[in-house]
Amino acid sequence: SREYASGGRIIGRKVAQALNIPFYDREIIGLAASQAQLAVGAVEQSDEKVEKGFQYGLYVGRKYMPIPDQVFIAQRKVIKEIADKGSCVIVGRCANSILRENKNCMHIFIHAPLAQRVRRAVEEYGLITKNAEQAVLDNDLARKSYYHHYTGAEWGDAHHYHLSINSDLGIERCIELILYAVRTSFNENIKYD
């Protein structure tokens with residue numbers, strides 16, 4: 001899991017590359033869309049967000065279910081299937097909660113100071129400077145609400161993760177720490193670059 005613009009996605013991708021294992025982030029959207037038989041756009045719109053007010057939905061069997069709930073159920077199934085196939089890195093989407101019973105998982109939360117995240121949002125994501133701080137805060141709030149809605153737990157609470165790392169240490173240092181933790185926790189013989 002990661003705060004918005006903390007570098008969590010790039011850290012996850014580089015950890016997966018170093019361990020030579022699959023990386024899943026937005027790829028889960030397409031897999032979940034197929035699973036739920038929904039348009040990719042509908043899944044993207046509900047991805048890691050809980051919509052307020054009126055929610056469109058569809059009947060599933062005889063029961064009406066809002067699309068965000070259908071998306072979460074499909075993503076949960078996809079995440080479990082991916083994890084059952086073998087080692088991988090999964091970014092976000094409540095994966096730490098979905099896989100909490102899996103003893104072969106390491107749950108990590110990446111965070112960073114707000115000023116650093118705002119700077120990254122402007123420089124790397126192309127956000128307009130005057131709107132960047134609010135966009136960062138809004139994205140965090142959406143993730144927090146989504147996580148709480150579907151897990152009942154507090155997003156970012158260190159009790160739900162093996163590691164909580166401040167990416168202010170630097171992307172490469174974060175990767176080194178994660179690789180060290182994986183190597184020492186699961187298999188001292190894991191080779192990585």
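Modeller: A residue is called buried when its relative accessible area is under 20%. By that rule, 44% of the 193 residues in the protein chain of this predicted model are buried.

Biologist: What makes up the protein chain in terms of helices and strands?

Modeller: The protein chain has 8 helices and 6 strands. In sequence order they give the pattern α-β-α-α-β-β-α-β-α-β-α-α-β-α.

Biologist: How many of the contacts between residues at least 6 apart join residues at least 24 apart?

Modeller: The share is 64% of the contacts between residues at least 6 apart in sequence.

Biologist: Take helix 4 and helix 7. How do you know what to call their arrangement, parallel or perpendicular?

Modeller: Their axes cross at roughly 75° and come within 12 Å. The range from 65 to 115 degrees counts as roughly perpendicular, and helix 4 and helix 7 are therefore roughly perpendicular to each other.

Biologist: Which residues make that contact between helix 4 and helix 7?

Modeller: Helix 4 (residues 67-85) contributes P68, D69, F72 and Q75, and helix 7 (residues 129-151) contributes Y146, H149 and Y150. These residues of the contact divide into 4 nonpolar, 2 polar and 1 charged.

Biologist: Why is F72 called buried?

Modeller: F72 has a relative accessible area of 6%, and the cut-off is under 20%, so F72 counts as buried. F72 is placed in helix 4. Setting aside residues up to four places away in sequence, F72 touches C94, I98, Y146 and Y150. The C-alpha atoms of F72 and Y146 are 9.7 Å apart in space, while the two residues are 74 residues apart in sequence.

Biologist: C94 is among the residues touched by F72. Why is C94 called buried?

Modeller: C94 has a relative accessible area of 3%, against a cut-off of under 20%, and is therefore buried. C94 sits in the loop between strand 4 and helix 5. R93 is found in the loop between strand 4 and helix 5 as well, and R93 is buried with a relative accessible area of 1%.

Biologist: What is noted about phi of R93?

Modeller: Phi of R93 is near 60°, a positive value in a residue other than glycine. Phi of C94 is also positive and near 60°.

Biologist: How do you know whether the span of helix 1 is close to the expected one?

Modeller: Helix 1 (residues 8-19) has 12 residues, and the expected span is 16 Å at 1.5 Å a residue. From first C-alpha to last, helix 1 reaches 16 Å, which is close to that value.

Biologist: How do you know where the buried residues of helix 1 lie around its axis?

Modeller: The buried residues of helix 1 are G8, I11, G12, V15, A16, A18 and L19. They cover an arc of only 160° around the axis, which puts them on the same side of helix 1. What covers them includes strand 1 (23-24), strand 4 (89-90), strand 5 (108-111) and helix 8 (171-186).

Biologist: What makes Y24 a buried residue?

Modeller: Y24 has a relative accessible area of 18%. The cut-off is under 20%, so Y24 is buried. Y24 is in strand 1. Not counting residues up to four places away in sequence, Y24 touches L31, I82, C88, V89, I90 and V91. Between the C-alpha atoms of Y24 and R9, 15 residues apart along the chain, the separation is 9.6 Å.

Biologist: Why is H107 called buried?

Modeller: Its relative accessible area is 11%, against a cut-off of under 20%, so H107 is buried. H107 lies in the loop between helix 5 (95-98) and strand 5. Apart from neighbours within four places in sequence, H107 is in contact with A95, N96, L99, R100, H160, Y161, H162 and L163.

Biologist: Which residues does D168 contact, leaving aside its neighbours within four places in sequence?

Modeller: D168 is in contact with P113 and Q116. D168 is found in the loop between strand 6 (163-166) and helix 8. Q116 is one of the buried residues in helix 6 (residues 114-123), along with R117, V118, R120 and A121. What covers the buried residues of helix 6 includes helix 7 and helix 8.

Definitions and conventions:
Residues are numbered from 1 along each chain as its sequence is written. This is a predicted model: local features need pLDDT of at least 70, side-chain atom pairs count only at pLDDT 80 or more; totals for chains, interfaces and linings use all residues. Side-chain values use heavy atoms; hydrogens and water are left out. Axes are lines fitted to C-alpha atoms, for helices over the stretch in contact, and angles run from 0 to 180 degrees between N-to-C directions. Helices (H or I, at least four residues) and strands (E, at least two) are DSSP runs, numbered from the N terminus. Angles under 35 degrees count as roughly parallel, over 145 as roughly antiparallel, 65 to 115 as roughly perpendicular and the rest as oblique. Contact means heavy atoms within 4.5 Å. Ala, Val, Leu, Ile, Met, Phe, Trp, Tyr, Cys and Pro count as nonpolar, Asp, Glu, Lys and Arg as charged, and the others, Gly among them, as polar. Buried means under 20% relative accessible area, exposed over 50%, partly exposed in between (1.4 Å probe, protein chains only). The expected span of a helix is 1.5 Å times one less than its number of residues. The arc is that of the directions from the helix axis to the C-beta atoms.
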